[in-house]
Amino acid sequence: MKVVRVLDLRPRSTSCTDNPMVRFLNVVNRGEDEEVVVIANREDLPVGVLRMIASRNGYEVTEVR
């Protein structure tokens, strides 16, 4: 059974480890999830950067809304 992880990066915090980019990198660098749905503000995680990081870690961006 395929497990889909939902990663909501919209809530903000003042902690460096809660930075949306850091949280995204932590998930994709582990590579444990087969599929990840990322919810983020474009200002925090630009689509081009998202695509580049995802592809370097074996993921593919299939839909952007």
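1. (A salt bridge here is a side-chain nitrogen of Lys or Arg within 4 Å of a carboxyl oxygen of Asp or Glu.) The two partners come from distant parts of the chain, with Arg5 in strand S1 and Asp33 in the loop between H1 and S2, 28 residues apart. Helices (H or I, at least four residues) and strands (E, at least two) are DSSP runs, numbered from the N terminus.

2. Some housekeeping before going on. This is a predicted model, in which local features need pLDDT of at least 70 and side-chain atom pairs count only at pLDDT 80 or more, while totals for chains, interfaces and linings use all residues. Residues are numbered from 1 along each chain as its sequence is written, and side-chain values use heavy atoms, with hydrogens and water left out.

3. Is Asp33 buried or exposed? Asp33 counts as buried, at 17% relative accessibility, whereas Arg5 is partly exposed at 30%. (Buried means under 20% relative accessible area, exposed over 50%, partly exposed in between, with a 1.4 Å probe and protein chains only.) Setting aside neighbours within four places in sequence, Asp33 is in contact with Arg5, Val27 and Tyr59; contact means heavy atoms within 4.5 Å.

4. The structure holds 4 salt bridges. One of them pairs Glu32 with Arg30, the closest N and O atoms being 3.5 Å apart. Glu32 is exposed at 60% relative accessibility, and Arg30 is partly exposed at 43%. Another links the side chains of Glu63 and Arg65 at 2.5 Å, N to O. Both of those residues are exposed: Glu63 at 53% and Arg65 at 81%.

5. Now helix H1, residues 20–30. Pro20, Met21, Phe24, Val27 and Val28 are buried there. Viewed down the axis of H1, these buried residues fall within an arc of 130°, so they line one face of the helix. (The arc is that of the directions from the helix axis to the C-beta atoms.) As background, an α-helix has 3.6 residues a turn, so residues three or four places apart point the same way. The cover over the buried residues of H1 includes strand S1 (4–8), strand S2 (35–39) and helix H2 (47–56).

6. At the start, a side-chain oxygen of Asn19 comes to within 2.8 Å of the backbone nitrogen of Met21. After H1 comes Gly31, with a positive phi near 65°.

7. Leu50, Ile53 and Ala54 are buried in H2. Down the axis of H2, its buried residues fall within an arc of 100°, so they line one face of the helix. What do the buried residues of H2 pack against? They pack against H1. The face of H2 turned away from its buried side carries exposed Gly48 and Arg56. Just after H2, Gly58 takes a positive phi of about 85°.

8. Last, the surface. Val4, Val6 and Val37 make a nonpolar patch of about 220 Å². Patches are made of residues with over 30% relative accessible area and no salt bridge; like charges are joined within 9 Å, and nonpolar side chains (Val, Leu, Ile, Met, Phe, Trp, Tyr) within 5 Å. Accessible areas come from the Shrake-Rupley method with a 1.4 Å probe, and for residues only the protein chains shown count as cover. Val37 lies in strand S2 and is partly exposed, with a relative accessible area of 34%.

Technical notes: A polar contact is a pair of N or O atoms within 3.5 Å; within protein, one must be able to donate a hydrogen and the other to accept it, and residues adjacent in sequence count only if both atoms are side-chain atoms.
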